[in-house]
Amino acid sequence: MIGVIFAAGIGSRLKPFTDFHPKALAEVGGVPIVVRVARKLLDAGAGRLIINLHHFPEQIVDCISRQDFADKVTFSDESELLLDTGGGLAKIQRELLRDNTEPVVVHNADILTDFSLTDMLGQHLDWNADATILSDPSRNSSRHFLFDAGNRLKGWENTAKGIVKPETLNPDGLKAAAFGGVHILSSSTLKAIAEMPADIPFSITDWYIEHCDKINIQGYTPAEHYMWHDIGTPEKLAAANAAIRGL
């Protein structure tokens with residue numbers, strides 16, 4: 001498998017830290033979160049890592065260059081234009097993964113979690129899924145994916161704004177689950193994403209919703225309790241650090 005880390009975000013909610021640093025270098029337990037995510041992917045069997053960059057990219061490059069796994073990392077530079085999650089994956093596929101046939105595990109750099117990526121990958125392969133999304137039906141969120149009884153993605157809903165996508169979808173009877181910032185894509189799915197126009201920012205969430213009736217996108221919820229923290233605000237970063245200290 002190949003690991004992709006989304007580290008290009010500006011992190012406006014994490015100011016003042018992100019006025020001078022990329023969000024991916026925020027420390028949890030004294031370790032930059034991007035390093036924690038990289039080690040998690042490598043421990044799960046990733047033979048190669050790709051990290052996308054935009055905000056203070058040189059700081060992330062410098063940090064990774066000092067790690068013992070630096071030789072396994074390639075960077076995807078979005079310094080000139082932030083491409084969003086879908087556009088970033090399309091760029092990575094076109095420029096770095098054209099001949100790839102392995103599944104790709106995508107992990108947001110601002111997510112601290114300890115569930116087994118190996119188990120998730122095994123389920124992805126057993127399902128013969130085109131994409132598998134970490135989903136949490138118990139986490140309170142106004143924005144969530146909608147899955148049928150077989151955990152296949154059917155759409156998305158924002159309950160705070162009364163928005164359902166696709167617009168023709170009836171959410172009654174569907175299971176709502178929040179996205180956990182980790183997903184696995186088959187090589188064929190990445191190739192399809194790369195067919196989008198080059199250098200046009202777009203969301204992978206929107207792409208999933210537009211294609212879920214054509215390809216097999218599954219929701220995955222770990223069987224065992226697991227830690228999950230979004231470190232995107234000072235308060236959430238503090239909570240993640242408290243959780244690490246408690247281990």
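Tutor: Let's start with Trp207, which is buried, as is Tyr208. In this predicted model, the rings of Trp207 and Tyr208 make an edge-to-face aromatic pair, with 6.2 Å from centre to centre and 65 degrees between the planes. The structure has four aromatic pairs in total. Another of them joins Phe115 and Tyr226, again edge-to-face, at 5.7 Å centre to centre and with 65 degrees between the planes. Where do Phe115 and Tyr226 lie? Phe115 is in the loop between strand S7 (111-113) and H4, while Tyr226 is in the loop between strand S13 (217-220) and strand S14 (228-230), so this pair ties together parts that are 111 residues apart in sequence. Phe115 counts as buried because its relative accessibility is 5%, under the 20% cut-off. Tyr226 has 13% relative accessibility, so Tyr226 counts as buried too. Elsewhere, Phe145, Phe147 and Phe179 come together in one aromatic cluster.

The largest nonpolar core has 42 residues, and Leu41 and Ile51 touch the most other members. At least two residues of this core come from each of helix H1 (33-43), S4, H2, helix H4 (117-127), strand S12 (175-185) and helix H7 (234-245). H1 is the biggest contributor, giving seven residues. Leaving aside residues up to four places away in sequence, the contacts of Leu41 include Met1, Val4, Ile5, Leu49, Val105 and Leu117. There is also a second, separate core of 28 residues, with Ala90, Leu153, Leu190 and Cys212 among them.

Leu49 stands opposite Val73 in S5. Strand S4 (residues 48-53) pairs with strand S5 (residues 73-77) in the parallel sense, over five bridges. Between S4 and S5 the chain passes through helix H2 (residues 57-65), and this β-α-β crossover is right-handed.

Asn158 belongs to strand S10 (residues 153-158), and Asn158 counts as buried because its relative accessibility is 7%. The side chain of Asn158 reaches the backbone nitrogen of Ala160 at 3.1 Å. Not counting residues up to four places away in sequence, Asn158 touches Ser142, Arg143 and Ile163.

Key. Residues are numbered from 1 along each chain as its sequence is written. This is a predicted model: local features need pLDDT of at least 70, side-chain atom pairs count only at pLDDT 80 or more; totals for chains, interfaces and linings use all residues. Side-chain values use heavy atoms; hydrogens and water are left out. Two strands pair if DSSP finds at least two bridges between them. Helices (H or I, at least four residues) and strands (E, at least two) are DSSP runs, numbered from the N terminus. A crossover is right-handed if, with the strands pointing away from the viewer, the path from the first strand over the helix to the second runs clockwise. A nonpolar core is a set of buried Ala, Val, Leu, Ile, Met, Phe, Trp, Tyr and Cys residues joined through side-chain atoms within 4.5 Å. Buried means under 20% relative accessible area, exposed over 50%, partly exposed in between (1.4 Å probe, protein chains only). Contact means heavy atoms within 4.5 Å. A polar contact is a pair of N or O atoms within 3.5 Å; within protein, one must be able to donate a hydrogen and the other to accept it, and residues adjacent in sequence count only if both atoms are side-chain atoms. Rings of Phe, Tyr and Trp (its six-membered ring) pair if their centres lie within 6.5 Å; planes under 30 degrees apart count as stacked, over 60 as edge-to-face and the rest as tilted.
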